[in-house]
Amino acid sequence: MSDQTDEAEEALPPPEGESDIIDTEYEIGQDNVTPQIGPFGLDIHNPVFVVSGLVVLGFVIITLAFQNVLGPLFADLRGFLTSSFDWFFLIAGNIFVLVCLAILVSPLGKVRIGGADATPDYGYPGWFAMLFAAGMGIGLMFFGVLEPVYYFATPWGDQPLMGDIGVVEGTLADPATVEAARRMAMAATIYHWGLHPWAIYAVVALSLALFAYNKGLPLTVRSIFYPIFGERIWGWPGHVIDILAVFATLFGLATSLGFGAQQAAAGIGYVFGIPGINDTVTAAVILIAGITVLALISVLRGLDGGVKRLSEINLVLAIVLMAFVFLVGPTVALSTQLFGNIGAYATEVFALSNPVGRDDDGFRQGWTAFYWAWWISWSPFVGMFIARVSRGRTVREFITCVLLIPTLASALWMTVFGGTAIDQVIERVSDSAVYGFVVETYVPELSLFGMLSELPFATVTSIVAIILVVVFFTTSSDSGSLVIDTITAGGKVNAPVSQRVFWVIFEGIVAATLLIGGGLIALQAAAVSTGLPFAIVLLLACYALIRGLIAEPR
Amino acid sequence: MYRKILVPVDLTHVDRLTRALAAAADLSKHYGAPVHYVAVTAQTPTPVAHNPKEFAGKLAAFGRAQAEAHGIETTTKSYPSHDPAIDINRTLLDAIAEAGADLVVMASHVPNAADYLWPSHGGSVASHSDASVFLVR
């Protein structure tokens, strides 16, 4: 953990073995200002901190004031982007996967993040726990049951590739059709949670890690674009990229926090029999306050003592819940289905990711393009966090652990939760709780709890699930706040502690305000809309990444 | 009376350390005790250095400059950290124990209301270390 340098050395030692340091005139923190606000000394990037804060504040105020106009406007914008540019999102997603796989098998995979002699900062379990908890966690809780069952049972014209439907007007189709529908539902779900999203994260994370740890540029989103913009990246082009990243991260987190609190509240109401808990926002606001306090404790305990530990607790809890569902669910069927599902994904992924000449608009635009925009808008946050904790890994290790293993983990999770839920629907059709929440009346936030309610120890597992929702949110919230803090401090990770406290609380307040005043959906749409500009930006990043990797010694 | 003096330094703000460095040098000459400069740095690039190795080199150069300027015996050691803003207090306590220092001289700001929320690094080290701690304001 430390370098003894008692002996005199005149020249600077080579950086952790060889690496290709970029020679720039820019000094990290040169644009920072250090105002003193009351008793708190700050160290913030000028103008990124102030502009990001004001833009967020302005958006919240304007959205609250003109809700009736802006709500539909943002929703239309998102709808327009995902339906008009679906082909672009699909092509971009495919490019990210191909770039990652090409780097994985090429000699570039031998490059080590942090210089040729760097050693990993974190062991495999802690590293994986952190990247998984930040990257995907909460979505798995929300969509793990919802999405597979939705595809399996909805005859709404948006089934994957116009596949067969397992349930038709409340009765089961013939066994062969049911099996085909199940297989297709799982393949489509794993497609949305597999290689493509993780490739998006991997491209951003690998680029940031490379340009910070190997090239010596500040750990902030703009650094990726040094090969393209050169020294201009320290001016307004860079400011805009960083501000956009803060905007997408903060609204992505705050709106998810709002929806997550509603899901947890709905779960509490369902388990403890408190109907109408979501009729008012009280319960959800209390939950937001609770999650914010937990996130605050986490960031104040630091990356190792707080964020990493919470991520590990989170992963263990998730594995326990998954193991339980696997054991009390249709264990034998699930074991065989896992390989069948991965096989189905491997064969169907080509048709599912084909960007042109398809007639499944509802699925391709409503689900796939929306997901891709969503993952892309989250990528600055998740990518930056993964980058920060990945020093010392080779590029090959990195892509294996950020692309391939999470894809398998997602497939496993979806097989267990989705497979069990589909099994319940096949067994009991319209009598099953999941059918009630997904097909009959659409109550997506209760789909998971509906599935758990038909398994033994439903109360215990539902409470575990509620805790998991809360912890998953906390692990996204704390790492997200650290990321925003670093970006708005111009790439400094040791900015005064009061700044990270500010961002955690700010995010909680934005979420609570939007929940009380309305506008969660509007601003989530606005955050997802940043997916389009970022998709273009990320394609440029692929080029910068490959050029950067080629320049490294390997 | 003192055998080894430990001085935490922030290479980003050496200008704010002038008084603490001078006090440490005077005490070093008075007691004939060597000064051990330590610094906690991030793994990520910082204003001071591109990476921890480069940082360690700069700290060593800083130690040599202090030795020459004051005619004292100096050593240095840098501690790379995942999250320096939070880990620094813990790391400094470990550094004091590891170096076997019995006197710590460190610069600290004049306390204000924020110290009720989270104490200054100097305050935290003084609260938890076995060594004598001299906070220079």
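Q: Which residues of α13(A) do Leu195(A), Trp198(A), Ala199(A), Ala202(A), Ala205(A) and Leu206(A) in α7(A) meet?
A: This is a predicted model, where local features need pLDDT of at least 70, side-chain atom pairs count only at pLDDT 80 or more, and totals for chains, interfaces and linings use all residues. Residues are numbered from 1 along each chain as written, chains are lettered from A and ligands numbered from 1 in written order, and side-chain values use heavy atoms, without hydrogens and water. Contact means heavy atoms within 4.5 Å. The α13(A) partners are Val395(A), Phe398(A), Ile399(A), Val402(A), Leu403(A), Leu404(A), Pro406(A), Thr407(A) and Ser410(A).

Q: How do the residues of the contact of α7(A) with α13(A) divide?
A: Ala, Val, Leu, Ile, Met, Phe, Trp, Tyr, Cys and Pro count as nonpolar, Asp, Glu, Lys and Arg as charged, and the others, Gly among them, as polar. The division is 13 nonpolar, two polar and no charged.

Q: Are α7(A) and α13(A) roughly parallel or antiparallel?
A: Their axes come within 9 Å and cross at roughly 155 degrees. Angles over 145 degrees count as roughly antiparallel. The two helices are therefore roughly antiparallel.

Q: Which residues of chain A have pLDDT under 50?
A: pLDDT is the predictor's confidence in each residue, from 0 to 100. Chain A averages 85, and 95% of the residues score at least 70. The stretch where pLDDT stays under 50 is residues 1-15.

Q: Which element of chain A has the highest mean pLDDT?
A: Strand β1 (residues 3-4) of chain A has the lowest, 41. The highest, 94, belongs to helix α3 (residues 86-105) of chain A.

Methods:
Axes are lines fitted to C-alpha atoms, for helices over the stretch in contact, and angles run from 0 to 180 degrees between N-to-C directions. Helices (H or I, at least four residues) and strands (E, at least two) are DSSP runs, numbered from the N terminus. Angles under 35 degrees count as roughly parallel, over 145 as roughly antiparallel, 65 to 115 as roughly perpendicular and the rest as oblique.
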